[in-house]
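Thanks for coming. I have a few minutes on one model, so please look at the structure first and then I will go through some local details.

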Amino acid sequence: MNYLSVENISKSFGERVLFDNISFGINKDQKIAFIAKNGSGKTTIMSIINGLEEPDTGQIVLRKGIRMAFLSQDNNLQNELTIEESIFASDNETLKVIEQYEKALENPEDEEAYQKAFDAMDQHNAWDFETQYKQILFKLKLEDFKLKVKNLSGGQKKRLSLAIILINRPDLLILDEPTNHLDLEMIEWLETYFSKENITLFMVTHDRFFLERVCNEILELDNGKLYQYKGNYSYYLAKKEERIASENASVDKAQNLFVKELEWMRRQPKARTTKSKSRQDDFYVIKEKAQSRRKENKVELEINMERMGSKIIELHKISKKFKDRVILDNFSFDFQRGERIGIIGKNGTGKSTFLNLLTGTLPLDSGRVVKGDTIKIGYYTQSGINPKPGQRVIDVIKEYGEYIPLTKGKIISASQLLERFLFDAKKQYDYVEKLSGGELKRLYLCTVLIQNPNFLILDEPTNDLDIVTLNVLENFLLDYPGCLLVVSHDRYFMDKIVDHLFIFRGQGVIENFPGNYSDFRAYEDSADVRGSKEETKTEKKDWKQKNPTGNLTFNEQKEYQKIEREIKDLEIDKAKIEQLFSDGKVADTDIEAKAKELEIIIGKIEEKEERWFELSAKMEG
């Protein structure tokens, strides 16, 4: 069933054409991710779909009776309402019933009103609904229902807007970066929620794990053309690579034909026949095709950083707290050359505060930070860039420097750096106020890199960046020879560029974990299993020493010994795959297949262990 159709829409701003004659449909139960570069019109298309902007041409057709909700980057909440009042402000009939019941509870002496409200709860099956919506608020850390919107942080407002949409359960959800301002626990909960629920989604997100696990279709706007991929993110990557290879082969063929046709055009007589006129028209088509080769932005910067001495940065028993909230408690750490550390933890555990303490932006309560003489810190904060009015993109970068020195005496200019981060020559002379949110973040990143730091600190660098830019940034960071310290909720990004983690548990507890995010999740997920099986395994081991065969038949003894060998082999296979993930040696296109292979192996181990326990019990009997 078709819910919404986008029919031949176009949008231009002056001479700049964002997109032209774009068409696609959204059908029931589809979970579509919309991918495009920053500045190419993603947000504009979302706004047109939701009636916030008008297209130059074309129309949006919404099926009659379909309820649609839009989660934008800007909230439309009323400041004077509480969290609970904001939830009840919708026109959802069941919520109105729950609201009346909540009021009745506050006035228990009015028995008639209470009974009426109680009966209405039964009539509308509202008891389960109330449990569900309170669970959503709890998962999104919005437990203080009486808190007013005006007192919420930007992240809390975004989460409240998301909660209202989820609670009202519209037929079609349009989501613009739904994982922004969510911590990892919330993101994983939302991921599971969307995967299990029969919800129709159309979303823009840069979270590639989220794409992989939630979406069943990818829609890409690339160089003004729309491409559709029926599958998740891994499938999209593979098929896009095939498409680009095919396009490039087609361009190569057109270039060869263009050379021949150009020669014919040059030696043509002035008199034109109908046939030659047709050939001329074909020539211009061939010429356009021949000149359409893609510009792939690869960041290959062999940076000639300032030499790092033996002392990098030392943290000596540093402490910080705000009233009763402990951020750090006598924390010590010595950074080593080439260290690549990711920082994860729930919102409010002090991740950004830690970076500000490290850089001296905030004072310590006690302890000291000792920085090596050769260390030059580059700090990318969440606050972003503050350009002067009327400033152009290139001028912003040149304020920090004209070039970056590379190895072997080479240099890269400010303009060349911008080009590598997807600002073409024309874009470099645009006024900064014209840039999209993602483009501003990208420009800010360039201002940090042009200073040529050898210790790079990034606080949520992936927020508002499109997937194309993320790949460019990742390629740069993989080649970056200095120290790297990153706070990010982007699990895919963290897996790719860091090799160990600081886990902020809250109240000053920080764990140093040797591995990337996927390693950490696997470790956490297996912790409960290890704990529950430990006692059984101990009993099993002790029993085996006492009674190696017991009451087993001859065939069962053979099966018992075979299972032991098989479990051992499977454990080896499991360790090999886990090591590949740990070393980052799994290609992007193979992640899903390898993850499934690992899942199958773990399933076989559990199945064989179950049979092993059965035979063990019989031996004991």
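Gln391 touches Val396, Glu399, Asp430, Tyr431, Val432 and Glu433, leaving aside residues up to four places away in sequence; contact here means heavy atoms within 4.5 Å. This is a predicted model, in which local features need pLDDT of at least 70 and side-chain atom pairs count only at pLDDT 80 or more, while totals for chains, interfaces and linings use all residues. Residues are numbered from 1 along each chain as its sequence is written, and side-chain values use heavy atoms, with hydrogens and water left out.

Back to Gln391, which sits in the loop between β14 (377-380) and α12 (393-398). Helices (H or I, at least four residues) and strands (E, at least two) are DSSP runs, numbered from the N terminus. Is Gln391 buried or exposed? Its relative accessibility is 10%, so Gln391 counts as buried; the cut-offs are under 20% relative accessible area for buried, over 50% for exposed and partly exposed in between, with a 1.4 Å probe and protein chains only. The side chains of Gln391 and Glu399 are joined by a polar contact of 2.9 Å. That term means a pair of N or O atoms within 3.5 Å, where within protein one must be able to donate a hydrogen and the other to accept it, and residues adjacent in sequence count only if both atoms are side-chain atoms.

Next, helix α1. In α1 (residues 42-49), 7 of the 8 residues are buried, so the helix is largely enclosed by the rest of the structure. Among the buried ones are Lys42, Thr44 and Met46. Just after α1, Gly51 has a positive phi of about 75 degrees.
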